[in-house]
Amino acid sequence: MCGIVGYIGDKDALPILIEGLKNLEYRGYDSSGVGLIPDGSRSVVIRKEQGKIRNLEALLSKKSSIKSHLGIAHTRWATHGAPCRKNSHPHASENGSIAVVHNGIIENYQILKAKLIGKGYHFSSDTDTEVIVHLISEYFEGDLTKAVQRAIKDLEGAFAIGVLSSDDPTTLVAARVGSPLIVGVGEGENFIASDVPAILRHTRRVIYLKDGEMVTLRKDGVSVMTFDGRSVVPKIDRVTFQMDAAQKQGYPHFMLKEIHEQPDVLEKMLALRLKKGRVELEGIRLSDKELKKLNRIKIVACGTAYHAGLVGRYVIEELARVPVEVDVSSEFRYRSPIVDKRTLLIAVSQSGETADTLAAVREAKKRGARILSICNVIGSSLARESDGVLYTHAGPEIGVASTKAYTAQLMMFYLLALKLAQVHVALPSKNFQKIMKDLKDIPALARHILKAHRDIARAAKKHSHFGCFLYLGRNINYPSALEGALKLKEISYIPAEGYAAGEMKHGPIALIDEYRAVVCIAPQSEVYEKMVSNMQEILSRKGKVIAIATEGDENIRTHATEVISIPRTNKILTPLLVALPLQFLAYHIAVNRGCDVDQPRNLAKSVTVE
Ligand code: AGP
């Protein structure tokens, strides 16, 4: 979704803004722009362009250079109005003295627009954002903070905004409701941004603005306040991750780098959470007594995180015998869910900013549920709104296609299930210890799969031209099939569907012919023979079968066109290993087809609007 960067200080603002935008590219965007107040100028200079940031840079290099110490910049992901120059941000007031960048949606913009038109304002874009700048201009009487405060009162919806004015050229004002915004605190300079990587090269001191807070930045200080002007003492956090964690480090794509990081991520999680034969879930904020009282768990999430939740259901029900339901967040809130004080709602999200998941959490809270989140981004909105947080600590995930965050979410579900099994005394000690031991082996087994990466690349090459893929799995690997299909479709744009293999005869089998490739997830388990039957049915209809099977399984070769092996492990843990070949397969097919793997079309890394 949209990315915001803002700078005020002694340095040349433009290169800082452009670099900041580049570090937010992963969020997904279709146009970009900057707004600067050149020293001594009476108006804001705005440059914007459709497409990649390099197009904006090309435009900037054609015009004379802009020396400025105050500016805002934006990458836009279109919601209202087509992706084109006129709809790109910043948007300026009619006299050119005020400029605004915005992330989010103004829900009442049509009413506001009509009122503003009635007052004689002219609109030059199709966006909801333009009402903000005209409102600020309407209320401006020399103090930008006050004008923004008044304008905000008229707005309904979600927004993070950055505002500057050439008539108040020593201030940069920002505010947030619903959409993420941080303040970077520097020496003789201060920043705003949608996310930490945008400013990390300049400062590690960060204020995570809360909903309903705004900030006035000057080069030598920041004042945080509520929308009604009450001053807030901000908490300044120190960012601990290194800049290179958010860089490619020699890999051609972030996605490939992040796939390779998985063994280390899993190993670190285990080291943090397994201590002296017990599971320790720091951050859960629920005593064993409270965990024992729970009679129902609901999981809400979107996309890949939802698939992790589906695996979570199998694992928690199997190991801890607590009933679990899983919903996509956008459905949960509209279906009158049965939730009460004995319900634990688990919200899963890499970014912690997904609007639908946040809305589901608020709905469940209203009904009395305890909220536990499984989240990657520290200090995110979800983390702040939850009663307890289990951080996955997977490090920044930049590729739009989620990889390491997914396996980290899976790992967290295994740990949580073991914890619940402990307090509910649902698992004989011998079985508990066995799963703990098998979990500890997972990072090494995942490393083994990374070594076979080239074989998977070869299999991908052979199948890159197929126009349609099916993914089949059963039991705990049914969600793996859904995730494999999602991975492929989002980065290669090939239609791909995941199915519970048992459903094949109820419809999807009609698709099978020599032009279809079917990925069959068939590690050794009690449903192995049933998967083999599915594979025979596909082959006998001339479909191509790519099997993901356990190392040493020679039988499978007679039922598949291609076999990708994963090391043997406890059958309940197989989703952790199956994920890797599925990710590699999608990655290589997308690369072979010349797709933009890290920033697939139309997608945003964190979906901050409903
Ligand atoms: C994953 O590959 C997707 N890009 C997407 O489905 C993602 O998982 C979903 O939008 C949820 O995001 P979150 O984990 O940040 O909430």
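Over the ring of which tyrosine does the charged end of arginine 313 sit? The legends below describe close-up views of a predicted model.

**View 1. Arginine 313 and tyrosine 314.** The tyrosine in question is tyrosine 314. The charged end of arginine 313 lies 5.9 Å from the centre of that ring.

**View 2. Arginine 601 and tyrosine 493.** Here the charged end of arginine 601 sits over the ring of tyrosine 493. The distance from the charged end of arginine 601 to the ring centre is 3.8 Å.

**View 3. A cluster of aromatic rings.** Phe466, Phe469 and Tyr471 are joined into a cluster by ring pairs. Searching the whole structure gives four aromatic pairs. In general, two aromatic rings are described by how far apart their centres are and by the angle between their planes.

**View 4. Helices α1 and α2.** Helix α1 covers residues 13-22, and helix α2 covers residues 53-62. Their axes are 10 Å apart, and the packing angle is about 165 degrees. Angles over 145 degrees count as roughly antiparallel, so α1 is roughly antiparallel to α2. The crossing of these two helices, α1 and α2, is left-handed. On the α1 side, Leu14, Ile18, Leu21 and Lys22 take part, and they meet Ile53, Leu56, Glu57 and Leu60 of α2. Sorted by class, the contact of α1 with α2 holds six nonpolar residues, two charged residues and no polar ones.

**View 5. Helices α7 and α13.** Helix α7 spans residues 262-273 and helix α13 spans residues 404-423. The two axes come within 9 Å and cross at roughly 25 degrees. Since angles under 35 degrees count as roughly parallel, α7 and α13 are roughly parallel to each other. Their crossing, that of α7 and α13, is right-handed. From α7, the residues in contact are Gln262, Val265, Leu266, Met269, Leu270 and Arg273; from α13, they are Lys404, Thr407, Ala408, Met411, Met412 and Leu415. The contact of α7 with α13 has eight nonpolar residues, two polar and two charged.

**View 6. Helices α16 and α18.** Helix α16 (residues 478-492) packs against helix α18 (residues 574-592) at an angle of about 20 degrees. The axes of α16 and α18 are 9 Å apart. The pair α16 and α18 is therefore roughly parallel, and α16 passes α18 in a right-handed crossing. Residues of α16 in the contact include Gly484, Leu488 and Ile491, while those of α18 include Val578, Leu582 and Tyr587. By class, the contact of α16 with α18 contains nine nonpolar, four polar and one charged residues.

Definitions and conventions: Residues numbered from 1 in each chain as written. Predicted model: local features only at pLDDT ≥ 70, side-chain atom pairs only at ≥ 80, totals over all residues. Heavy atoms only, no water. Axes fitted to C-alpha atoms, helices over the stretch in contact; angles between N-to-C directions. Helix = DSSP H or I, 4+ residues; strand = E, 2+ residues; numbered from the N terminus. Parallel < 35°, antiparallel > 145°, perpendicular 65-115°, else oblique. Left-handed = near helix turned anticlockwise from the far one by under 90°. Contact = heavy atoms within 4.5 Å. Nonpolar A, V, L, I, M, F, W, Y, C, P; charged D, E, K, R; others polar. Phe/Tyr/Trp six-rings, centres within 6.5 Å; stacked < 30°, edge-to-face > 60°. Lys NZ or Arg CZ within 6 Å of the ring centre and 35° of its normal.
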